[in-house]
Amino acid sequence: MSNSPVLQVRDLQIDFMVDKRSVPVIRGLSYDLPAGRILAVVGESGSGKTVHALSLLKLLPPAAAVRCGEILYKGKNLLTLPDTELRQIRGQKISMIFQDPVASLNPVLTIGEQLIETLRAHRKITKQEAFAQAISLLEKVGIADAGKRLAEYPFQFSGGMCQRVMIAMALALSPDILIADEPTTALDVTIQAQIIRLIKKLQQSSGMSVIFITHNLALASQVADEVLVLYSGLCMEQASAADLFANPVHPYTRGLLASLPSVKTRLERLPAIAGTPPVAGEQLVGCPFAPRCPHAVEKCRHEIPPLTNRAGHWTRCFRRDQI
Ligand SMILES: Nc1ncnc2c1ncn2[C@@H]1O[C@H](COP(=O)(O)OP(=O)(O)OP(=O)(O)O)[C@@H](O)[C@H]1O
Ligand SMILES: [Mg+2]
């Protein structure tokens, strides 16, 4: 398996215009997504996970703008690519499962119509061929009686089944990169585990890369090869999943991990991280986590720490060697 990056994000900065003021939401994000790997992007609500994901396909809402940076897909900068070329990549090479799956399906078309339309929009195939491919896609994502279910409408599918259909749609054109934005949040734990296993299985059999977005570190630990912790639009820590979960360095990551329930935890109450994340638009100086950080010193309140690397484990913390 080749490990060369299929996607490289370089110093990505995204602003929102709010009341004629530009508010930074992604503040200099860089990472590589190697071919055939799963990168989990984790962070609390509002940290910028979805905004970052939408920017990868140039699907940002009109109020948002990329201020600077590069998004290189196989070396081509998607941000400067002509729309015609971008349309070839969107859906075919890079596809996305959106945060709200049920709302992403068209309620007045059958599942079959939607899948067949997706396939025929990009492939020169007959209706019969598309029908056969749609059946095989539904079978691939574990939907029994696929031929019959193609004739059904989204409302006839449960949340978990809709999510499987969304995965089938995203995989229809065998993309190189799948962006999955909180693909299991609305589902109960058992279905969640099935969907995770499914994504992992499909990723392994097809060799595609996945950006798996979640606020749930436990999920990230089950699925990811590499983990990037996002806070207030900044990468706070990035490492291989094995390293990050065994040796979390950043006080924010440690706080997130300490607040995870585990079978061993017998505490009455799980410790939560005190305080709340900064609100977008708040004047930020220094480390954005400093107001909540038990280890913060004066310097942390005035300067944003740089990301530093120790053997592939990146951390944005002045105190990394002391804590
Ligand atoms: N349309 C918008 N106008 C102004 N600000 C926005 C808009 N959409 C998002 N934001 C801001 O951008 C920031 C990042 O939002 P984003 O949706 O990426 O967060 P997230 O990490 O995906 O959160 P969640 O876990 O809730 O999905 C938030 O602070 C949010 O307030
Ligand atoms: Mg989101």
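The structure is a predicted model, in which local features need pLDDT of at least 70 and side-chain atom pairs count only at pLDDT 80 or more, whereas totals for chains, interfaces and linings use all residues. Residues are numbered from 1 along each chain as its sequence is written, chains are lettered from A and ligands numbered from 1 in the order in which they are written, and side-chain values use heavy atoms, with hydrogens and water left out.

Ligand 1 is surrounded by 14 residues, of which Ser45, Gly46, Lys49, Thr50 and Val51 are the closest; a residue is counted here if one of its heavy atoms lies within 4 Å of the ligand. By class, this shell consists of five nonpolar, six polar and three charged residues, where Ala, Val, Leu, Ile, Met, Phe, Trp, Tyr, Cys and Pro count as nonpolar, Asp, Glu, Lys and Arg as charged, and the others, Gly among them, as polar. Polar contacts are pairs of N or O atoms within 3.5 Å; within protein, one atom must be able to donate a hydrogen and the other to accept it, and residues adjacent in sequence count only if both atoms are side-chain atoms. An oxygen atom of ligand 1 lies 2.9 Å from a polar backbone atom of Gly46, an oxygen atom of the ligand is 3.1 Å from a backbone N or O atom of Gly48, and an oxygen atom of the ligand is 3.3 Å from a polar backbone atom of Ser47. Of the 640 Å² of accessible area that ligand 1 has on its own, the protein covers 66%, as computed by the Shrake-Rupley method with a 1.4 Å probe. Strand E1 (5-18) and helix H1 (49-56) are the elements that give two or more residues to the shell, and H1 supplies the largest share, three residues; helices (H or I, at least four residues) and strands (E, at least two) are DSSP runs numbered from the N terminus.

Ser47 itself belongs to the loop between strand E3 (38-42) and H1. With a relative accessible area of 4%, Ser47 is buried, on a scale where buried means under 20% relative accessible area, exposed over 50% and partly exposed in between (1.4 Å probe, protein chains only). The side chain of Ser47 reaches the backbone oxygen of Glu44 at 2.8 Å. When neighbours within four places in sequence are left aside, Ser47 is in contact (heavy atoms within 4.5 Å) with Val25, Leu230, Tyr231, Ser232 and Gly233.

The twelve residues of helix H4 (residues 111-122) should span 16 Å at 1.5 Å a residue, and the end C-alpha atoms of H4 are 17 Å apart, which agrees; the expected span is 1.5 Å times one less than the number of residues. Within H4, the residues Ile111, Gly112, Gln114, Leu115, Ile116 and Leu119 are buried, and their cover includes helix H5 (127-140), helix H6 (146-149) and helix H7 (159-171). Helix H7 has 13 residues and reaches 18 Å from its first C-alpha to its last, close to the expected 18 Å. H7 is mostly covered, with eleven of its 13 residues buried, among them Cys162, Arg164, Met166 and Met169.

Helix H11 (residues 251-258) is likewise mostly covered, six of its eight residues being buried, namely Pro251, Tyr252, Thr253, Gly255, Leu256 and Leu257. The cover over these residues includes helix H9 (217-223), strand E9 (226-231), strand E10 (234-240) and helix H10 (241-246). In the loop between H10 and H11 is His250, which counts as buried at 1% relative accessibility. Apart from neighbours within four places in sequence, His250 is in contact with Met236, Glu237, Phe289, Thr315, Arg316 and Cys317. Leu260, in the loop between H11 and strand E11 (308-310), is partly exposed, with a relative accessible area of 24%.
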